[in-house]
4 protein chains.
Amino acid sequence: MCRWLAYSGSPVLIEDLLYKPKHSLIVQSMHATLGVEPTNGDGFGLGWYGDRETPGLFRSTEPAWNDRNLRDVAAQMTSPCVLAHIRASTGTAVQATNCHPFRHGRWLWMHNGLINSFRPVKRDLMLAVDPSLYADVEGSTDSEVLFYLALSFGLEDDAPAAVARAIGLVEATGRDHGEPFPMQGTIATTDGETVYAFRYSSEVRSRSLFRSADVSALRAQYPDNPLLDELSDASRLVVSEPLGDLRGAWREVPESTCVVIRDGAEELRPFIPIAPAPVPIPGQASGSREVVG
Amino acid sequence: MCRWLAYSGSPVLIEDLLYKPKHSLIVQSMHATLGVEPTNGDGFGLGWYGDRETPGLFRSTEPAWNDRNLRDVAAQMTSPCVLAHIRASTGTAVQATNCHPFRHGRWLWMHNGLINSFRPVKRDLMLAVDPSLYADVEGSTDSEVLFYLALSFGLEDDAPAAVARAIGLVEATGRDHGEPFPMQGTIATTDGETVYAFRYSSEVRSRSLFRSADVSALRAQYPDNPLLDELSDASRLVVSEPLGDLRGAWREVPESTCVVIRDGAEELRPFIPIAPAPVPIPGQASGSREVVG
Amino acid sequence: MCRWLAYSGSPVLIEDLLYKPKHSLIVQSMHATLGVEPTNGDGFGLGWYGDRETPGLFRSTEPAWNDRNLRDVAAQMTSPCVLAHIRASTGTAVQATNCHPFRHGRWLWMHNGLINSFRPVKRDLMLAVDPSLYADVEGSTDSEVLFYLALSFGLEDDAPAAVARAIGLVEATGRDHGEPFPMQGTIATTDGETVYAFRYSSEVRSRSLFRSADVSALRAQYPDNPLLDELSDASRLVVSEPLGDLRGAWREVPESTCVVIRDGAEELRPFIPIAPAPVPIPGQASGSREVVG
Amino acid sequence: MCRWLAYSGSPVLIEDLLYKPKHSLIVQSMHATLGVEPTNGDGFGLGWYGDRETPGLFRSTEPAWNDRNLRDVAAQMTSPCVLAHIRASTGTAVQATNCHPFRHGRWLWMHNGLINSFRPVKRDLMLAVDPSLYADVEGSTDSEVLFYLALSFGLEDDAPAAVARAIGLVEATGRDHGEPFPMQGTIATTDGETVYAFRYSSEVRSRSLFRSADVSALRAQYPDNPLLDELSDASRLVVSEPLGDLRGAWREVPESTCVVIRDGAEELRPFIPIAPAPVPIPGQASGSREVVG
């Protein structure tokens with residue numbers, strides 16, 4: 001299990017995002033309340049967009065709660081688009097290359113959940129990664145493989161479709177190996193301009209996901225909340241669990257949904273995986289495959 | 001808060017001690033049940049006695065639950081005397097020199113608890129450390145200062161008396177600074193032959209501490225328990241919280257008690273701090289000081 | 001570049017192997033003299049055989065020269081078969097899963113050198129790994145891929161032949177991608193009973209490799225050397241560079257050679273890679289392929 | 001031994017400072033040329049001034065040469081005042097709290113060199129630290145003690161005088177303990193507005209120190225150098241060793257000198273330690289003490 005936070009809006013001090021809220025992501029690293037486990041101590045990652053073409057990335061295997069470098073970097077850096085993640089390993093090694101977000105060019109990716117029965121399908125999934133990207137996979141997690149599948153399927157051109165195809169392949173491959181519910185989790189990905197968040201699981205019992213309510217309405221409701229003061233009306237947050245108990249501040253993202261945030265506008269779309277065409281994957285015996293969705 | 005385990009007895013595979021029990025110390029690193037916090041993820045330490053004069057020491061800032069090196073070292077090493085500790089920092093830096101056990105010559109020391117209001121008294125306490133030992137203090141914790149106070153007061157010659165004097169000084173100094181309950185915690189220390197465990201707090205509400213029951217009686221009671229099979233009758237454990245729910249296996253150590261284990265014999269003694277003689281500490285304005293106990 | 005040491009013989013204190021020699025592996029971590037770079041500070045690894053079926057493994061990203069845990073573990077552990085490695089990354093991440101030795105069951109593997117032009121051939125090489133082993137590859141190095149190729153080709157049954165086939169595949173695949181000299185380096189692998197060491201490079205300019213001379217002869221020559229005193233006549237070392245300047249103590253392993261050490265006997269065999277049969281690798285366009293050797 | 005760099009001037013991308021020069025500080029972490037040792041792999045630190053009252057601080061025990069987080073933070077951050085340091089431990093633990101720069105309020109401090117015979121004088125020096133600052137010393141280095149001595153002697157009010165008094169005390173105390181040359185090294189300290197750099201050693205054979213030449217003159221001389229293009233005329237660098245071989249770009253700082261940089265102006269002053277008044281240090285037997293300088 002993991003927890004994550006995605007922010008898009010007016011430039012915000014990262015410290016305000018990560019540390020200030022009552023039930024902040026840093027608090028959740030030791031005391032998550034909606035997850036399978038309260039502890040997310042197997043490392044963390046922070047991705048942010050600044051003046052450079054490539055977003056910044058800071059990942060470490062230390063628990064987030066006591067990491068002084070994270071605190072200092074967060075205290076000095078503002079950004080209009082931030083992804084942050086705290087990790088609870090589901091078995092793979094605790095190392096920075098297994099920490100989220102993952103980065104490729106301008107794109108960041110993070111995931112809470114898992115590919116069930118990942119081990120037996122890992123090779124088949126990696127064969128579906130574009131050969132030119134194969135050697136870029138640095139870690140050993142299911143989440144990074146999912147990212148590279150999405151990149152191979154056109155993430156940079158049409159993110160929702162690419163993710164639908166990636167998850168469709170995961171489901172088809174998993175079911176070929178006898179796993180009834182291959183996919184579980186929530187995903188956030190961005191190029192720094194549009195944030196896409198997904199909530200989906202094969203068994204339709206997905207990890208929790210929430211989005212922030214309209215900031216201007218909240219500000220009227222809570223005139224004394226300093227964090228709200230600093231946010232523009234266009235600011236949006238998507239989070240694994242609410243960062244506080246402000247009534248009305250958080251709305252659950254429905255099952256099988258893709259949230260698209262751009263220029264302060266938010267759109268919710270149904271999310272349906274796209275099954276692969278029934279052709280054999282190279283290096284694997286061909287077999288019939290059900291179309292999902 | 002922290003959790004610890006001290007073992008004395010027949011040579012035991014360290015893995016059996018740390019990983020095999022149902023509610024093992026490694027499980028407690030993420031799911032302690034009797035402590036202030038369930039998570040003890042700010043590093044760990046393992047001390048063990050082998051063929052060398054000096055005990056082995058393996059300390060790391062990674063959480064114990066996923067540390068592969070700890071698992072491998074534990075799987076290869078047997079020892080008749082083992083101290084293990086998982087840390088939850090009360091504010092000082094997460095670094096190996098702040099992880100327990102601490103070592104000096106043949107002696108190891110570990111502590112669960114804290115010196116309340118440590119910051120204002122740290123200098124006075126350090127001034128009471130023997131000048132020849134002063135530069136050996138490598139970390140920044142209260143627990144290590146306590147160790148060096150005990151060493152300064154004769155730990156190697158009469159451990160219970162030295163600990164009583166160290167804690168007596170902590171109490172006197174703390175009260176001089178207005179702290180009503182300066183000392184809190186449980187301590188284990190050993191030279192590899194005798195294990196001393198202490199449960200004491202100024203407010204008489206000490207951190208939990210348990211000792212194992214007689215192994216031969218337990219073995220009769222639980223004939224199928226493999227861990228018990230491997231232990232000699234002389235084996236003894238003292239732990240922050242029970243390693244399982246075997247009925248009768250664990251007895252609480254009373255408040256204000258020192259447990260002495262040597263050659264398979266266990267003795268419980270009342271523990272009373274020894275206040276310092278009413279002389280001024282160098283470098284500090286003199287003042288009247290109450291005698292404790 | 002990296003440096004390594006393989007020991008087989010009477011049980012030896014690991015500290016004596018790693019720290020005592022004048023030009024020890026630990027000294028080489030900062031001051032290697034025969035390598036491309038003097039510094040091997042991108043982590044280290046220690047593998048050793050004890051009483052368990054599985055060898056112990058201790059790997060870390062810290063430079064070896066100041067690692068206190070390595071020093072303590074080495075000071076407490078004796079073993080009749082030890083592999084140790086200090087790493088200088090050729091580009092892949094500094095993480096424990098990229099540190100040598102790698103372990104699979106009873107087998108350990110370490111490598112000094114590289115697969116030239118690894119990036120474009122990585123996918124093809126990974127496709128040749130036995131599918132049941134594919135998900136066991138945890139890191140991102142060329143050296144680990146080489147290990148899993150050897151395992152796929154029968155390392156556990158006939159180590160020299162399996163390594164010859166692995167390197168033969170590396171050479172064929174590399175040349176298909178236009179790399180004239182795909183393989184470079186020295187390798188050590190063992191199951192704890194037989195140690196195999198290889199010196200080979202496609203351009204016949206391999207990384208340095210030395211083996212210890214006959215201990216009994218050396219002992220006669222240097223009666224005052226304490227390390228020699230402690231070693232049995234059956235003890236053998238293979239090292240990237242000599243551990244000292246004892247005249248006559250170290251003999252260079254010739255190019256294109258496999259050293260086999262078992263029960264104190266040492267055999268040198270010519271080493272010739274075995275090219276793959278001229279069938280297409282799955283997932284790759286077929287092409288003519290020269291037979292090597 | 002260590003290496004460091006101090007920058008003051010127009011806001012600069014930290015990556016340009018740390019990575020771009022031919023013989024950059026990152027290159028020096030593995031290949032220093034003017035130091036006692038070429039390797040500075042025992043951690044690093046970066047301090048920089050941004051919009052906050054407190055400067056940012058990023059310190060790690062990993063060698064700088066392969067640290068990805070350092071590279072990313074440096075690539076995203078600009079600052080008008082930067083201190084960076086790479087460490088080669090002279091014996092104390094490799095831990096972040098022993099990495100430079102050290103921070104207190106708005107002040108940063110870093111040091112290349114050592115207090116000779118530090119161990120026997122550490123207690124006496126720590127007793128001279130202002131009691132209110134005593135518990136802020138987190139690490140175990142001589143360099144941090146020196147910083148706290150300077151703070152205790154008025155660093156924030158008159159930095160050169162405070163450093164002169166701190167070093168004067170170090171020299172007096174060391175000589176009391178029989179050390180003829182107590183102080184060695186170069187120091188940089190700043191509040192973000194004025195940078196002070198010191199080159200001094202008791203034996204007048206100090207660690208190397210260089211300052212950048214006038215940027216406008218250099219720019220005329222090297223019209224194609226992109227780094228020079230980006231720097232304002234007011235930009236100044238002080239470094240342990242030159243960052244490249246541009247002729248005329250670097251001028252050695254003389255022995256026993258303090259460099260003061262403020263608003264683009266640079267001043268060189270003679271630096272003479274100020275011996276303590278001949279009163280006994282608390283907790284130490286009094287003794288005659290020579291006045292230094």
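How many residues from chain A and from chain D does the contact take? The contact takes 22 from chain A and 22 from chain D, where contact means heavy atoms within 4.5 Å.

This is a predicted model, in which local features need pLDDT of at least 70 and side-chain atom pairs count only at pLDDT 80 or more, while totals for chains, interfaces and linings use all residues. Residues are numbered from 1 along each chain as its sequence is written, chains are lettered from A in the order in which they are written, and side-chain values use heavy atoms, leaving out hydrogens and water.

**View 1. Here chain A meets chain D.** About 1,600 Å² is buried between the two chains, with carbon and sulfur atoms giving 37% of that area; buried area is the accessible area (1.4 Å probe) that two parts lose on being put together, summed over both. The interface holds 6 salt bridges (a side-chain nitrogen of Lys or Arg within 4 Å of a carboxyl oxygen of Asp or Glu). One of them joins D:R52 to A:E15, with the closest N and O atoms 2.9 Å apart. On the side of chain A that touches chain D, β3 (56–60) and α3 (68–76) are the elements giving two or more residues, and α3(A) provides the largest share, 6 residues. Helices (H or I, at least four residues) and strands (E, at least two) are DSSP runs, numbered from the N terminus.

**View 2. In chain C, C:W109 and C:F147 form an aromatic pair.** Rings of Phe, Tyr and Trp (its six-membered ring) pair if their centres lie within 6.5 Å; planes under 30 degrees apart count as stacked, over 60 as edge-to-face and the rest as tilted. Over all chains there are 26 aromatic pairs. With centres 5.4 Å apart and planes at 20°, the rings of C:W109 and C:F147 are stacked. C:W109 belongs to strand β6 (residues 107–115) and C:F147 to helix α6 (residues 142–152), 38 residues apart. C:W109 has a relative accessible area of 1% and is buried (under 20%; exposed is over 50%, partly exposed in between; 1.4 Å probe, protein chains only). C:F147 is buried too, at 0%.

**View 3. Another pair in chain C is C:F198 with C:F271.** The centres of these rings are 5.2 Å apart and the planes stand at 70°, so the pair is edge-to-face. Both residues are buried.

**View 4. One aromatic cluster brings together rings from chains A and D.** Its members are A:F44, A:F58, D:F44 and D:F58.
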